[in-house]
Structure formats: structure tokens, C-alpha cells
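Here are a few friendly notes to read alongside the coordinates. Please have the model open as you go.

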Amino acid sequence: NINRHSWLNAKIGFIDFYYPSYHKFDTLKAQEMNAFIIEVCRNLNIKPFPFEYYMADDFDELEALIGLDYWMGMGGEVKPTGRGGSGRVFCSGMGEGYFHEPFHVLVGQQYKSHQWVAEGMATYLGGSRGQTLNWHIKRVNTYLKSHPEIDLDNLLALRTMDEYTDYRYVLGGLIAKRIYEKGGWEMIRQFMNSGYSNEDYYKAIENYLGIKKTSLNKYLRAELEKEASR
């Protein structure tokens with residue numbers, strides 16, 4: 001609260017924006033974000049609530065705002081980064097329209113879902129690290145075609161591919177997209193209440209998409225190729 005005194009502030013609907021003086025605030029983009037929040041919360045049967053949204057060009061600025069003069073990873077390549085929790089969103093390089101972290105803040109523990117469900121939904125609706133789900137899908141598809149030894153049947157054992165793309169976001173987002181295409185928001189709400197465990201996640205994929213765990217490698221590689229070609 002002390003450090004942000006030198007920052008500018010604008011309140012648009014449920015969002016309390018804070019930003020450095022060099023940033024030119026985009027009111028239209030902020031209004032679109034607020035409208036999208038209302039729409040998604042309505043579709044998920046949850047009540048939106050006010051939260052703070054801090055944005056800057058470089059995440060080092062946000063860490064300094066929080067009170068960290070030095071942190072592991074500072075001074076590296078400047079790239080879009082986001083983090084959220086406890087009614088606050090911090091994002092760099094993405095301006096007023098980054099919905100990924102607000103999704104986590106708003107939905108939180110209101111649904112009983114596996115981490116891959118939450119990250120997949122956030123990426124499907126709001127992208128990740130400044131890029132759309134489709135951008136990440138193309139990147140992962142290219143990588144997996146050159147690495148046929150990677151077994152997607154054991155999906156949840158996968159870790160971050162690189163500093164730009166995470167399997168949870170991409171494959172989780174693709175699965176969420178396919179479930180929405182099949183059953184709309186009603187099926188998405190069921191999917192998001194499917195439970196916390198790994199077994200719950202695999203069972204949900206089988207229940208809502210008809211794909212058994214032993215068929216995930218073949219199915220996901222084929223679906224990635226379809227999406228990447230669009």
C-alpha cells in the first residue's frame with residue numbers, strides 16, 4: 001500500500017487497476033475485461049467480486065512494488081508474466097486484458113477441480129504468458145512431433161516444456177476446449193467439479209470425452225495437429 005502511492009489508479013467495474021505513470025491506460029480494453037468477467041462468472045454460476053489488478057512492463061517492477069528488492073529470476077529476459085491470489089492479480093507485459101490470472105482469483109476454491117482443470121480453463125479462456133491457447137498448441141505440436149518418445153498416456157507426469165509453454169496450460173486447455181465444444185457450459189461446470197486427484201482427472205476425461213487413459217497419447221497428438229493447422 002505504501003509503494004503504490006506513486007502509481008496511478010483506475011476502477012472499472014469489479015477491477016481496481018494500478019499501473020506506473022508511463023503506462024497509457026486503455027479504458028476500452030479494461031471495460032472488455034470487466035464484461036468478460038461478468039459473462040464467465042454468470043456461465044459458471046459464481047458471483048464476481050472486486051479485486052486489484054497490478055500491471056507493469058517488467059515483472060521486476062511488480063516484485064519491487066510488493067516489497068522484494070531482489071528475487072530469484074530477476075534481471076532475466078523481459079517476457080509476459082502473471083501471478084494471482086488473495087484478491088490480487090499481478091501481470092507484466094500484457095496490459096488490461098489478461099484474463100488468465102483473474103480467472104484463478106475469481107474461481108478459486110469455488111469448484112472442486114484438479115490443477116490441470118483450473119490451468120486448462122484459465123488458458124482456454126484467457127491464454128497464457130501473453131499468448132493465446134492456439135499459439136501454445138502450435139508450439140507444443142511442433143515439439144511433440146519431433147519427440148515421439150514422449151508418452152501422453154501418462155499426461156500428469158509431464159512438466160513445463162520451456163519458459164514459454166507449460167503442458168498443463170496447453171494440453172489442459174485443449175481438453176477443456178473439447179469438453180466445451182461437446183457439452184457447453186453445463187458440461188464445463190461438471191468437469192470443473194470432477195475432483196482434485198489425478199484419478200479424478202483421468203476419469204473426467206473418460207466420462208466427458210470418452211477417451212481412456214491408455215488412448216490419450218494417440219488422441220491428444222491427433223487433436224493438437226487439428227488445432228495447429230487452423
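Axes here are lines fitted to C-alpha atoms, for helices over the stretch in contact, with angles from 0 to 180 degrees between N-to-C directions. Helices (H or I, at least four residues) and strands (E, at least two) are DSSP runs, numbered from the N terminus. This is a predicted model: local features need pLDDT of at least 70, side-chain atom pairs count only at pLDDT 80 or more, and totals for chains, interfaces and linings use all residues. Residues are numbered from 1 along each chain as its sequence is written, and side-chain values use heavy atoms, leaving out hydrogens and water.

1. Take H6 (residues 167-191) and H8 (residues 216-228): their axes come within 11 Å and cross at roughly 80°. The pair is therefore roughly perpendicular (65 to 115 degrees). In contact (heavy atoms within 4.5 Å) are Leu171, Leu174, Ile175, Lys177 and Arg178 of H6 with Tyr219, Leu220, Glu223, Leu224, Lys226 and Glu227 of H8.

2. Glu181 also lies in H6. Its relative accessibility is 44%, so Glu181 counts as partly exposed (between 20% and 50% relative accessible area, 1.4 Å probe, protein chains only; under 20% is buried). The Glu181 side chain is 2.5 Å from that of Lys177 and 3.0 Å from that of Arg178.

3. The buried residues of H1 are Ala30, Met33, Asn34, Ile37, Val40, Cys41 and Asn43. Their cover includes strand S1 (8-12), helix H4 (115-126) and H6.

4. Just after H1, Asn45 has a positive phi of about 60°.

Conventions:
Angles under 35 degrees count as roughly parallel, over 145 as roughly antiparallel, 65 to 115 as roughly perpendicular and the rest as oblique. A polar contact is a pair of N or O atoms within 3.5 Å; within protein, one must be able to donate a hydrogen and the other to accept it, and residues adjacent in sequence count only if both atoms are side-chain atoms.
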